[in-house]
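Dear colleague,

Please find below the structure I am handing over to you. My notes on it follow directly after.

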Amino acid sequence: MSQAVVTGAMLRCSFGLAPAPFNVLPTARVFVCGRPVAAMMDNVPLAGIPPFGMCSCPANPAVAAATAAALGVLTPMPCMPVCPAPWAPPKPNVLIGGKPAIDAGAKLMCAYGGVIQIVSPGQVQVTL
């Protein structure tokens, strides 16, 4: 059984220094545990996908420039995610505002080469 991903989920980038919380905008008006649920198109940087501290990916132009200035020594620079594609794989049988939902196994690719993963879905299922 998979868990829905909601606002407050913790995300991690493979080239980022620190994890960061996911912010799902409540436009679809679908909530779990009182928090908006994420869909595959919730991939907007800064509005939903936060920076991950410092980026160490050589494909990032800022990192490449800083590394060149440091004579080839890898020099991390502030993270600014660029996510042109949606989250994958979606859950096509669960729609959030007409778009497929995502679960904790979904991944998002950064244009600079990083893979953004969900560390914690942001909600816990409690059985009484």
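The notes below begin with conventions and the overall architecture and then turn to individual sites.

This is a predicted model, in which local features need pLDDT of at least 70 and side-chain atom pairs count only at pLDDT 80 or more, while totals for chains, interfaces and linings use all residues. Residues are numbered from 1 along each chain as its sequence is written, and side-chain values use heavy atoms, with hydrogens and water left out.

Overall architecture

The protein has one helix and ten strands; helices (H or I, at least four residues) and strands (E, at least two) are DSSP runs, numbered from the N terminus. Read from the N terminus, the order of elements is β-β-β-β-β-α-β-β-β-β-β. Along the principal axes, the C-alpha atoms fill a box of roughly 55 × 30 × 25 Å. Of the 128 residues, 33% count as buried; buried means under 20% relative accessible area, exposed over 50%, and partly exposed in between, with a 1.4 Å probe and protein chains only. Taking contacts (heavy atoms within 4.5 Å) between residues at least 6 apart in sequence, 65% join residues at least 24 apart.

Helix 1

Helix 1 covers residues 61–69, and Val63, Ala66 and Thr67 are buried in it. Viewed down the helix axis, these buried residues fall within an arc of 100°, so they line one face of the helix; the arc is that of the directions from the helix axis to the C-beta atoms. They pack against strand 5 (54–55) and strand 6 (77–78). Ala68 and Ala69, on the other side of the helix, are exposed. The N-terminal end is capped by asparagine 60, which has a side-chain oxygen 3.0 Å from the backbone nitrogen of alanine 62. Just after the helix, leucine 71 takes a positive phi of about 60°.

Two buried residues

Phenylalanine 22 lies in the loop between strand 2 (20–21) and strand 3 (31–32), and counts as buried at 1% relative accessibility. Beyond its neighbours within four places in sequence, phenylalanine 22 contacts a set of residues that includes Val5, Leu11, Ala38, Trp87 and Ile102.

Leucine 108, in strand 9, is buried with a relative accessible area of 0%. Its contacts, again leaving aside neighbours within four places in sequence, are Asn43, Ile49, Cys83, Ala85, Pro86, Trp87, Gly114, Val115 and Ile116.

The structure holds one salt bridge, defined as a side-chain nitrogen of Lys or Arg within 4 Å of a carboxyl oxygen of Asp or Glu. Lysine 91 and aspartate 103 form this pair, with their closest N and O atoms 3.5 Å apart. The pair links distant parts of the chain, twelve residues apart: lysine 91 is in strand 7 (residues 91–96), and aspartate 103 is in the loop between strand 8 (99–101) and strand 9 (107–109). Lysine 91 is partly exposed at 28% relative accessibility, whereas aspartate 103 is buried at 12%.

Glutamine 123 sits in the segment after strand 10 (115–120) and is buried, at 11% relative accessibility. Its side chain reaches the backbone oxygen of alanine 4 at 3.0 Å. This is a polar contact, that is, a pair of N or O atoms within 3.5 Å; within protein, one must be able to donate a hydrogen and the other to accept it, and residues adjacent in sequence count only if both atoms are side-chain atoms. Not counting residues up to four places away in sequence, glutamine 123 touches Gln3, Ala4, Val6, Val32 and Cys33.

Backbone geometry

The peptide bond from alanine 88 to proline 89 is cis, with omega near -10°, and proline 89 is located in the loop between strand 6 and strand 7. Two residues other than glycine deserve a note for positive phi: arginine 29, near 60°, and cysteine 33, near 55°. Arginine 29 is in the loop between strand 2 and strand 3 and is exposed, with a relative accessible area of 69%. Cysteine 33 lies in the loop between strand 3 and strand 4 (35–36) and is likewise exposed, at 55%.

With kind regards
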